[in-house]
Amino acid sequence: MVVLRAGLCPGLTEEMIQLLRANGVRTVVDFVSSDLEDVAQKCSLSYKVKGDSKVLVLVAVRRVLLAQFSAFPANGADLYEELKSSTAILPTGSPSLDQLLDSGLYTGEVTELMGAPGSGKTQLEALQRIQVARVFDIYEMLRALQELRDRLSQQVVSSMGPLKIVVIDSVSAVIYPLLGGKQSEGLAIMMQLARELKTLAREFSLAVVVTNQVTRDSSTGPLKPALGRSWSFVPSTRVLLESKEATWEKTTTQRVASLAKSPRQPTGIQVELDTGNGDVQELSPVTPTQGL
């Protein structure tokens with residue numbers, strides 16, 4: 001929210017700002033949404049031009065502020081057509097997982113797979129025709145993403161074909177070392193990474209998939225994604241992966257995938273998956289449960 005200050009637009013003097021503040025008008029939104037005739041009477045300011053007066057009156061100031069700070073009008077039908085033309089849905093290879101995600105991974109969005117170590121996050125990312133960039137800290141990751149953005153901006157086409165999906169496995173591994181303690185820049189760098197991922201997804205119509213760890217508030221508390229509330233606004237869709245209970249004789253490759261966040265589907269929907277042998281195979285669906 002922009003605060004009124006001298007020089008913000010022609011005619012908006014410090015004296016006028018003090019009078020406006022004294023009457024509760026402190027921001028651009030306050031000013032343009034006020035009854036200017038009432039404001040003029042309370043502040044003893046000019047409201048309408050009288051004769052050849054050269055005083056820049058309140059109406060003129062409002063016009064300038066609206067021109068500077070108003071959003072450019074757009075037609076809803078045009079925005080919808082632009083969305084349809086720029087959005088693609090990429091199948092995951094699992095009918096059940098695609099059903100959970102409302103047909104698959106959506107370009108222009110960040111999708112998060114979260115779960116404890118060994119829950120099957122990496123197996124679900126088994127892709128063909130991939131290029132791998134190994135990074136070991138957040139700064140290397142940001143450099144790799146910047147190089148990717150440069151190649152996409154220059155329309156450098158890979159020998160493997162056009163890029164459709166970017167996978168970060170795992171995002172928490174490079175962010176955790178920066179959080180907590182006296183490392184106050186950690187949160188800022190995390191949000192810089194978030195902006196980079198969302199910009200890549202939106203500007204280049206990519207599906208961005210990240211993996212994240214889970215944590216609990218207490219030993220008996222429910223599982224929740226790591227990286228805190230600030231990161232929770234980054235992914236559009238969140239899927240929690242959990243291993244089904246195994247016997248002491250052998251481990252299991254069966255997983256339960258639960259929808260924790262989605263702009264399209266009700267949360268709490270679950271499906272069963274089998275990640276054995278590197279494949280994602282469909283099992284019978286599980287009934288919906290309460291959202292996370």
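**Backbone, cores and cavities of a predicted chain**

Ser 103 is found in the loop between α6 (95-100) and β2; helices (H or I, at least four residues) and strands (E, at least two) are DSSP runs numbered from the N terminus. The model is predicted, so that local features need pLDDT of at least 70 and side-chain atom pairs count only at pLDDT 80 or more, while totals for chains, interfaces and linings use all residues. Residues are numbered from 1 along each chain as its sequence is written, and side-chain values use heavy atoms, with hydrogens and water left out.

In Ser 103, a residue other than glycine, phi is positive, near 100°. A cis peptide bond, with omega about 5°, joins Asp 169 and Ser 170, and Ser 170 belongs to the loop between β4 and α8. Most residues other than glycine have a negative phi, and most peptide bonds are trans.

The chain contains 10 helices and 11 strands. Of its 292 residues, 36% count as buried. Contact is taken as heavy atoms within 4.5 Å. Among contacts between residues at least 6 apart in sequence, 58% join residues at least 24 apart.

In soluble globular proteins, nonpolar side chains tend to be buried together. A nonpolar core is defined as a set of buried Ala, Val, Leu, Ile, Met, Phe, Trp, Tyr and Cys residues joined through side-chain atoms within 4.5 Å. The largest such core has 26 residues, and those with the most contacts inside it are Ile 175, Leu 193, Leu 197 and Trp 231. At least two residues of this core are supplied by each of α7 (138-153), β4 (165-168), α8 (171-175), α9 (185-203) and β5 (207-212). Helix α9 provides the largest share of this core, seven residues. When neighbours within four places in sequence are left aside, the residues in contact with Trp 231 include Val 171, Ile 175, Met 190, Ala 194 and Leu 197, as well as Glu 112 and Arg 238. A second, separate core has 18 residues, among them Leu 20, Val 28, Cys 43 and Leu 65.

Glu 196 has its place in helix α9. This residue counts as buried because its relative accessibility is 12%. Apart from neighbours within four places in sequence, Glu 196 is in contact with Leu 145, Gln 146 and Arg 149.

Glu 14 is partly exposed, with a relative accessible area of 42%. Arg 5 lies in the segment before α1 and is likewise partly exposed, at 48% relative accessible area. Not counting residues up to four places away in sequence, Arg 5 touches Leu 12 and Ile 17. The C-alpha atoms of Arg 5 and Met 16 are 9.5 Å apart in space, and the two residues are 11 residues apart in sequence.

Rolling a probe the size of a water molecule over the atoms shows where empty space is left. On a 1 Å grid over the protein atoms alone, a cavity is a set of points where a 1.4 Å probe fits but cannot get out, and a pocket is an open set with protein on both sides within 12 Å along at least five of seven lines; lining residues have an atom within 4 Å of a point. Grid points are joined across faces, edges and corners, and a volume is the space filled by probe spheres set on the points. The whole structure has one cavity of 30 Å³ or more. The largest cavity has a volume of about 40 Å³, and its lining includes Leu 101, Tyr 106, Glu 109 and Arg 264. The charged end of Arg 264 sits over the ring of Tyr 106, 3.5 Å from its centre (the criterion being NZ of Lys or CZ of Arg within 6 Å of the ring centre and within 35 degrees of the ring normal).

The second largest pocket has a volume of about 290 Å³. Its lining consists of 16 residues, of which Leu 83, Thr 87, Thr 107, Gly 108 and Glu 109 lie nearest its centre. Helix α5 gives the most to this lining, with four residues.

Terms used
Buried < 20%, exposed > 50% of the residue type's maximum accessible area, 1.4 Å probe, protein only.
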